[in-house]
Amino acid sequence: MDYVVRTNRLAKKVKGHEIVSNINLRIKKGEIYGFLGQNGAGKTTIMKMLTGITLPSSGEIELFGQRLTAKLKNTLKRVGSIIEYPIFFEHLKALENLKIHCEYLGFYDEHAIKEALDMVHLKGVEDKLVKDFSLGMKQRLGIARAMITKPELLILDEPTNGLDPIGIKDIRDLIRMLNKEYGITFLLSSHILGEMEQIVDRIGVMNHGRLLNEVTMAEIRKQRTDYIELVTTDVQKTVYLLENELQISNMKIIQGNTIRIYDLSISQIDISKMLALHDIGIEEILKHTSSLEDYYYEQIHGGGNVV
Amino acid sequence: MGVATLFKLMGLEWRKLKQSMIMIELAIYLLVMLFLPTFFVKTVNPDFGKSFDSFFVLMQSIQMGWVLFGASLINQVFIEEYKNKTIFLSFTYPLSRQKLFLAKVLLISLLVILATIVSFLLSGIATYVLDGMFSIFTWQLTSSDITTYLGGMIVRSVIITLISFIPLFTFGILEKAVVPAVICSIASMQLPNFSPMFNIDPNHVIAVLCILGALSLTLSLMTAERVGDI
């Protein structure tokens, strides 16, 4: 298997306290991998270790099949990142910040800088001081900087942080485009689960410094159980009618007055029409689709397996 | 690592700095240093003007002020980078922290040593010109004095550069604290002046300070990969 990121029993201790333990992460080439986890779960710490910002206390990191250590950091040439929030030399102009970044990576292509700024819809800002940028602009500039050199792996910690809805969509589209057209592998983290759901191929759930589970979005979608939730004025009669009039048997009553129908061959409209004909008042009828949010909630509160 | 790479890294470090602030600071220091020797001889202690040797002792002591310039650079090159977290950006580049720190300390060394040499030269010339105008000294400058001055200038500039690194490891990298770093520098540059009060040879104090500076520098580079991590 062609892994871009591979960690083996990765751990980080800070002042004797283990904040990340036994992480065995595998990210495939061309994949968009999403990290989910509450604040303090260890997502950012792992990203910091993968980008050389902080050193692991134990364990190993392999990027593109090569070890990443304090002395062997050459693979970082192939990695772009934004960790926590985009950091710049605020007293310098945007262009100077980008040029310095490129020079550290031994990359000299003025056109690529312009192209990256265009991609994030930042035009004509080259000569503006970064301290005059809004948070959203800094985020866009950070993403531009991360991708100027066309890295093969982009590690973005909360990439849509500080962006307006249009900006969020732009970044989502940009990530998809870079992934599809340039084959860039992504490691993302976000608190906005709906955002992640739309973009990632696979997720890893972090909790208390441990990687609980890794699962593809396709698997989550396959596992999901959809149902119609129905609240009426007469539960007993409704159940009787559903069984006899619509031949629905796969259902259950929860909390006394709510009926959950798992047989989705009958539409909400048909159910509503039938109940109306029999003078049953419908207080609520809702089709429920289990989502990434449900999966995440289940992992965090239901105790997932440690990977 | 090649010399060219090292120069490139030093250049990048320079580009990241608030250069206008450094240039202003440098100009103020140089301006003060121009007149300070004459001011001392005329108003504080005329004994310093009795011979070239006593004047040169004064000049060397005054130039110790550049240790403070070193502290200011440590603040910009290390402490501010940690505080603004821009140093973490540097950690994401494909170069070891040791090389990164080496480029930083070499840049500080270069700036301090050049500033001190320029200051020695300008102060010497300014004092000579002022002597011509106001007859401050009773002795005549000889070519032997000039040779002593230039030789002493090089040695003292190296000493000042080494001493300016005393706060680097403890206050620049471990504590990341500006005020203690500045206080440490002020104490370092003043210690040789006060040592005769305790019957200690100032040259011995300077030797110890140089050792401390070298130790701080070595520790900063040797522990770069681990110390200062987050």
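User: Helices (H or I, at least four residues) and strands (E, at least two) are taken as DSSP runs, numbered from the N terminus. What kind of model is this?

Analyst: This is a predicted model, where local features need pLDDT of at least 70, side-chain atom pairs count only at pLDDT 80 or more, and totals for chains, interfaces and linings use all residues. Residues are numbered from 1 along each chain as its sequence is written, chains are lettered from A and ligands numbered from 1 in the order in which they are written, and side-chain values use heavy atoms, with hydrogens and water left out.

User: OK, what is a cavity and what is a pocket?

Analyst: On a 1 Å grid over the protein atoms alone, a cavity is a set of points where a 1.4 Å probe fits but cannot get out, while a pocket is an open set with protein on both sides within 12 Å along at least five of seven lines; lining residues have an atom within 4 Å of a point. Grid points are joined across faces, edges and corners, and a volume is the space filled by probe spheres set on the points.

User: How many cavities of 30 Å³ or more?

Analyst: The count is 5. The largest cavity has a volume of about 200 Å³.

User: Which residues lie nearest the centre of the largest cavity?

Analyst: Ser81(A), Ile82(A), Arg145(A), Leu89(B) and Thr92(B), out of 19 lining residues. Two or more lining residues come from each of strand 7 (79–82) and helix 4 (135–148) of chain A and helix 5 (86–91) of chain B.

User: Where does the largest share of that lining come from?

Analyst: Strand 7 of chain A, with 4 residues.

User: Switching to pockets. What volume has the largest pocket?

Analyst: About 580 Å³. Of its 24 lining residues, Gln60(B), Ser61(B), Ile62(B), Met64(B) and Asn193(B) lie nearest the centre.

User: Which helices of chain B each supply at least two residues of that lining?

Analyst: Helix 2 (19–44), helix 3 (52–63), helix 9 (178–194) and helix 10 (202–222).

User: What about the volume of the second largest pocket?

Analyst: About 390 Å³. Among its 16 lining residues, Gly124(B), Ile125(B), Tyr128(B), Leu141(B) and Ile146(B) are the closest to the centre. Helix 6 of chain B gives the most to this lining, with 7 residues.
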